[in-house]
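Subject: Structure handover

Hello,

Here is the structure I promised to pass on to you. Below it you will find my notes on what turned up in it.

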Amino acid sequence: MGKVRNKIPVFVAVFLLILSAVLLAFPTVSNALYQAENQNTITKYNSSISSISKKEKEKYLYQAKQYNESLTETVSDAFVASAYENIKPDYESVLNFNDGQICSVEIPKINVNLPVYHGTSEDVLTKGAAHSANTSFPIGGKNTHSVISAHTAYPGKVFFDDLTELDKGDIFYINVLDEKLAYKVCDISIAEPDDTSKLQIVYNKDLVTLVTCYPYAVNSHRLLVTGERVENDTTDSTRDELNESKEQSNSFLPAVVIFIGIALIVFLIIFAIRKILTKSKSSNKI
C-alpha cells in the first residue's frame with residue numbers, strides 16, 4: 001500500500017505537467033486552426049466570384065452602389081448589434097456570398113486576412129470581421145465610408161488584436177468581388193463606444209474605418225483606424241499574391257512546433273516514469 005502511495009505524487013506531477021503544456025499550447029493551436037478555416041472561407045469566396053458572369057458582377061455592384069447612395073450622412077449605433085433595429089430591409093441581400101460574406105479585409109503589416117460579414121451580431125464577430133449596418137458597403141467610390149469591426153483579446157482567436165501597431169501611411173486592402181481596393185491610413189483615434197463623430201460620410205472622400213475594442217482586454221473605448229482610398233500598387237499586389245501560399249504555410253508553423261514539443265515532453269515523462277518503476281521493481285527484488 002505504501003508503494004502505491006509513493007507513486008501517486010509522481011502521476012499527479014505528470015498529469016499537471018501535461019495539463020500545463022496543453023493549456024500553454026491551446027491559444028496558438030486554436031488560432032492556427034482558425035486561420036486555416038479563414039483561408040478556406042476566403043478561397044471559397046474567390047471561387048464563387050470567379051464562377052459568376054461579368055453581368056452578374058455588375059448587378060451585385062449596382063445594388064451595392066444604390067444602397068450606398070441611399071444612406072444618410074449620419075451613422076448611428078455603428079458599434080453595436082442593436083443597430084439591426086434600424087437597418088434597411090434589403091441590407092442582407094446586398095453582396096451576400098457564402099452565408100453572409102461581403103468581402104475580406106487584408107492588413108499585411110500585422111498579417112491579418114479576415115472574411116467580412118453582414119452586421120455586428122456576436123455570432124458574426126466570433127467568426128471574422130463585421131460590416132457595421134447602415135454604413136457604406138466597401139466597394140469604393142466617392143461619398144462612402146465603410147465601418148468594419150472585429151474583436152480584440154478573443155479567446156483562442158486573433159482578429160484585430162494588433163491593430164494598435166498600424167501607423168499613418170500604412171496600407172490595408174479590401175478584396176471585394178474581383179477588385180483589390182487599397183486604403184492608406186490617414187487617421188488613428190480613440191473614441192467612446194457611442195461616439196460616431198469620426199464615422200460620418202465625408203464629401204468626395206472614399207473611406208474605410210477599422211474598429212476594435214481598446215485598451216486590450218479592458219474594452220472601455222474603441223480604436224478607430226481610418227484609411228483613404230489610394231491607387232493600388234500592382235507590383236505590391238502581385239508580390240502579395242506570390243507570397244500568399246508561403247504565409248499560409250507559415251501560419252501552421254507555431255502549431256506544428258508546439259505539437260511536436262508536447263509530444264516530446266510526454267514521451268520523456270513516460271520514459272522517465274518507466275525507468276523509475278523499473279528501478280523500483282529491481283530494488284524490491286533485492
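**What surrounds S104**

Leaving out neighbours within four places in sequence, S104 is in contact with I42, N113, L114, P115, V116, Y173, I174 and N175, where contact means heavy atoms within 4.5 Å. S104 lies in strand β1, and its relative accessible area of 3% makes it buried. Here buried means under 20% relative accessible area, exposed over 50%, and partly exposed in between, with a 1.4 Å probe and protein chains only.

Before going further, a word on the source: this is a predicted model, in which local features need pLDDT of at least 70 and side-chain atom pairs count only at pLDDT 80 or more, while totals for chains, interfaces and linings use all residues. Residues are numbered from 1 along each chain as its sequence is written, and side-chain values use heavy atoms, with hydrogens and water left out.

**The chain as a whole**

The protein chain has four helices and eight strands. From the N terminus on, its elements run α-α-β-β-α-β-β-β-β-β-β-α. Helices (H or I, at least four residues) and strands (E, at least two) are DSSP runs, numbered from the N terminus. Of the 286 residues in the protein chain, 40% are buried. Among contacts with a separation of 6 or more, 67% are between residues 24 or more positions apart.

**The barrel**

Eight strands form a closed barrel in the order β1-β2-β3-β4-β7-β8-β6-β5, with mixed pairing. From one strand to the next the twist averages 30°, taking axes as lines fitted to C-alpha atoms (for helices over the stretch in contact) and angles from 0 to 180 degrees between N-to-C directions. Two strands count as paired if DSSP finds at least two bridges between them.

Strand β4 has a partner on each of two sides in my notes. With β7 it pairs in the parallel sense over six bridges, and S146 has V208 in β7 as its bridge partner. Strand β3 (residues 129-131) runs antiparallel to β4 and is joined to it by two bridges; here H131 stands opposite I148.

Why is β4 largely enclosed by the rest of the structure? Six of its six residues are buried, so the rest of the structure largely encloses it. Both faces are covered, with T144, S146 and I148 buried on one side and H145, V147 and S149 buried on the other.

**Nonpolar cores**

A nonpolar core is a set of buried Ala, Val, Leu, Ile, Met, Phe, Trp, Tyr and Cys residues joined through side-chain atoms within 4.5 Å. The largest one has 40 residues, of which L95, V105, I107, F160 and L210 touch the most other members. At least two residues of this core come from each of α1 (2-50), α2 (54-70), β1, β2, β5, β6 (179-191), β7 and β8. The largest share, four residues, is supplied by β1. A second, separate core of five residues includes V147, A191, L199 and L224.

Not counting residues up to four places away in sequence, F160 touches a list of residues including V105, I107, V112, L114, I148 and L210.

**Backbone details in the loops**

- Y214 and P215 are joined by a cis peptide bond, with omega about -5°; P215 is in the loop between β7 (206-214) and β8 (221-230).
- N111 has a positive phi near 55° without being a glycine. N111 sits in the loop between β1 (101-107) and β2 (112-118) and is exposed, at 54% relative accessible area.
- A153, also not a glycine, has a positive phi near 65°. A153 lies in the loop between β4 (144-149) and β5 (171-176) and is partly exposed, at 27% relative accessibility.

Best wishes
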